[in-house]
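Work through the exercises below with the model open. Try each task before reading its solution.

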Amino acid sequence: MDSSFLCFSLFFIILCRADGYEYYTSSRCLFNSTELQDIEYIRSYYYNRIEYVRFDSSVGKFVGYTEYGVREADQWNNDPGQLAFMRAQKETYCKQNVDFWYQSVLTKSVKPSVRLHSIPPVDLRPAILVCSVYDFYPKQISVSWLRNGQEVSPDITPTVEFANADTPRSGEKISCMVEHSSLEEPVVTDWVPCMSESKKMMIVGAFGLILGLVFFLAGVIYTMMCSRVMPQISVHAMTPPGGHHLAMLLYKVYDFYTKKVASAKVIAAADLLEKTLPDELEPRTDAGPQ
């Protein structure tokens, strides 16, 4: 990991109160790696919220900040056993805690979520393109803007203004690039401009028109399939040439729906007349010339 990745503190506090006065100490470890040389142990002594003396492993001795603290520091610095004990805390107290934090927490990471959106212009302020990055760990992150693949701003900033942001120039591509320790390679999110209201209305209208046409055609087809048309029937006599056959009556059926109809049957004119004509009419057969 990067050397500037972390700077955490571990606290150990002792509180003592007497007659309304407060005395306490604080032990903390500052580190940016698990290496011993990158760890700093600090123990501070407070009285009524004022730090009056401190031991710092980077200094190697006590340092006083008040008149009383200076006297205490001189006394403790002249005690070899006290100094040896405090100098050993960097390894005995800090090192094991730092190792634990790295194993259980600090080596874990969460990939960031990226959302790119625009804020419409208001009054004289131009439209703003916003790159939102959230839900990631650790907190160190790099966000930059790309225009046609080229970085346009080296600063880490969540927003950037572009003139006429809702209508970029033809062929121009605006992107947000995010770099984080949880990512094997930077995440680049391209901005897709929102469709204008007029285009949205045109698309909605066209879709509605097409949908209406589909329903209309479906209704016409359904009506044609479900409706029935009475057939038109005509009857006429036909005398076969040659005079060797009886004259016949033919039925002609047309303009009907559905197409299914009873099978046509050819009936000799004489037979039909015998069955359908009144009794006073005698059937006649024109045999034609012999």
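The exercises go from the whole chain to single residues.

This is a predicted model, in which local features need pLDDT of at least 70, side-chain atom pairs count only at pLDDT 80 or more, and totals for chains, interfaces and linings use all residues. Residues are numbered from 1 along each chain as its sequence is written, and side-chain values use heavy atoms, with hydrogens and water left out.

**Exercise 1. The whole chain**

Task: describe the chain by its secondary structure, burial, contacts and surface.

Solution. 
- Step 1. Count the elements: the chain has four helices and 15 strands. Helices (H or I, at least four residues) and strands (E, at least two) are DSSP runs, numbered from the N terminus.
- Step 2. Take burial. Of the 290 residues in the chain, 27% are buried. Buried means under 20% relative accessible area, exposed means over 50%, and partly exposed lies in between (1.4 Å probe, protein chains only).
- Step 3. Take contacts, meaning heavy atoms within 4.5 Å. Among contacts between residues at least 6 apart in sequence, 43% join residues at least 24 apart.
- Step 4. Take the surface. The accessible surface comes to about 20,700 Å², and 58% of that belongs to carbon and sulfur atoms. Areas come from the Shrake-Rupley method with a 1.4 Å probe; for residues, only the protein chains shown count as cover.

**Exercise 2. Salt bridges**

Task: find the salt bridges and classify the partners by accessibility.

Solution. 
- Step 1. Apply the criterion: a side-chain nitrogen of Lys or Arg within 4 Å of a carboxyl oxygen of Asp or Glu. Side chains of opposite charge can pair when their charged atoms come close. The search of the whole structure finds three salt bridges.
- Step 2. Glu-51 and Arg-54 form one of them, at 2.8 Å from N to O. Glu-51 is buried, at 19% relative accessible area. Arg-54 is buried as well, at 19%.
- Step 3. Arg-71 pairs with Glu-67, with the closest N and O atoms 3.7 Å apart. The two are about one helical turn apart, because they sit four residues apart in helix 1 (residues 67-77). Arg-71 is partly exposed at 47%, while Glu-67 is exposed at 65%.
- Step 4. Asp-99 pairs with Lys-95, with the closest N and O atoms 3.0 Å apart. Asp-99 is partly exposed at 23%. Lys-95 is partly exposed at 22%.

**Exercise 3. Backbone geometry in loops**

Solution. 
- Step 1. Asn-48 has phi near 55 degrees. Asn-48 lies in the loop between strand 3 (39-47) and strand 4. Its relative accessibility is 32%, so Asn-48 counts as partly exposed.
- Step 2. Arg-49 has phi near 70 degrees. This residue belongs to the loop between strand 3 and strand 4. Arg-49 is exposed, at 71%.
- Step 3. The cis bond joins Tyr-137 and Pro-138, with omega about 0 degrees. Pro-138 is in the loop between strand 7 (128-134) and strand 8 (142-147).

**Exercise 4. A surface patch and a strand**

Task: identify the nonpolar patch that includes Met-224, then list the contacts of Lys-252.

Solution. 
- Step 1. Met-224 is in helix 3 (residues 197-226).
- Step 2. Leu-213, Phe-216, Leu-217, Val-220 and Met-224 make up the patch, with about 480 Å² of accessible area together. Patch residues have over 30% relative accessible area and no salt bridge; like charges are joined within 9 Å, nonpolar side chains (Val, Leu, Ile, Met, Phe, Trp, Tyr) within 5 Å.
- Step 3. Lys-252 lies in strand 14 (residues 248-254). Beyond four places in sequence, Lys-252 is in contact with Gln-232, Ile-233 and Ser-234.
- Step 4. Lys-252 and Gln-232 are 20 residues apart in sequence, and their C-alpha atoms are 7.9 Å apart.
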